[in-house]
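The points below are numbered and may be read alongside the displayed model.

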Amino acid sequence: MIALLHLDLGLLLLLLLLLACWQTPGMVEATVPAAPVNVSVTQLRAHSAMVTWNVPQGDTVIGYAISQQRQDGLMQRSIREVNTSSRWCVLWDLDEDTHYSVQVQSVGLHGDSQPSRVVHFRTLERTDHYPAGVLDHHEPAMEGLGMTPHLQTGELLIITTVLLLWAGVQQNCVKWSDGGLVLSRCDRARRRARRR
């Protein structure tokens, strides 16, 4: 009985030690990235703005989370992107001449950072940015943001493959079967034309 009691006290002490280590704040915070710094809003337009930030050196960051809110409280939006090293985000579909606030969090492997400091900004009025009589139908274009869209090699390969398959299906040259992709009539017709 005394040996059993001694064993139970030993297990209890081990469990308490594990529990104390598990709840130590320093151990948890070491795996979560620090909050983004130098958060700023640039490229202000009537219906869009760009948010940029920096990440402290040494932190493993796999994405970001942005909280955007109108000052009057009528709208709140959250944006979360993972598997990216981007340090900027374009906020679209904003109301003109409206006050907003934004905060950014770093997304790490073991959780999100604390939110950055709050940054306040006001979108422009249409007349602040555009000459009178110019319509705003080009607003979503990236040209005003100093960026150009670049497709990466993998994206171009996927697009090309899909277009070629689509064209083959349209001309009845490519079909799908249980075994996968099958070249049909067009391939046979080309073979016959070569034999002649």
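1. Asp 97 is partly exposed, because its relative accessible area is 37%; here buried means under 20% relative accessible area, exposed over 50% and partly exposed in between, with a 1.4 Å probe and protein chains only. Asp 97 sits in the loop between β5 (88-91) and β6. Its phi is near 50°, a positive value in a residue other than glycine. Most residues other than glycine have a negative phi.

2. On the basis of the work: the model is predicted, with local features requiring pLDDT of at least 70 and side-chain atom pairs counted only at pLDDT 80 or more, while totals for chains, interfaces and linings use all residues. Residues are numbered from 1 along each chain as its sequence is written, and side-chain values use heavy atoms, leaving out hydrogens and water.

3. Strand β1 (residues 37-42) pairs with strand β2 (residues 49-54) in the antiparallel sense, over 4 bridges. Strands (E, at least two residues) and helices (H or I, at least four) are DSSP runs numbered from the N terminus, and two strands pair if DSSP finds at least two bridges between them. Thr 42 stands opposite Met 50 in β2.

4. The hairpin of β1 and β2 has 6 residues between the strands. Gln 43 is in this loop and has a positive phi near 50°, although the residue is not glycine. Gln 43 counts as partly exposed because its relative accessibility is 34%.

5. How many aromatic pairs does a search of the whole structure find? The search finds 2. Rings of Phe, Tyr and Trp (its six-membered ring) pair if their centres lie within 6.5 Å; planes under 30 degrees apart count as stacked, over 60 as edge-to-face and the rest as tilted.

6. Trp 53 and Tyr 64 form an edge-to-face pair, because their ring centres are 4.9 Å apart and their planes stand at 65°. Trp 53 lies in strand β2 and Tyr 64 in strand β3 (residues 63-70), so the pair ties together parts that are 11 residues apart in sequence. Both Trp 53 and Tyr 64 are buried.

7. The rings of Tyr 100 and Phe 121 are stacked, because their centres are 5.6 Å apart and their planes are at 20°. With Tyr 100 in strand β6 (residues 99-108) and Phe 121 in strand β8 (residues 119-122), the pair ties together parts that are 21 residues apart in sequence. Tyr 100 is buried, at a relative accessible area of 1%, and Phe 121 counts as buried at 6% relative accessibility.
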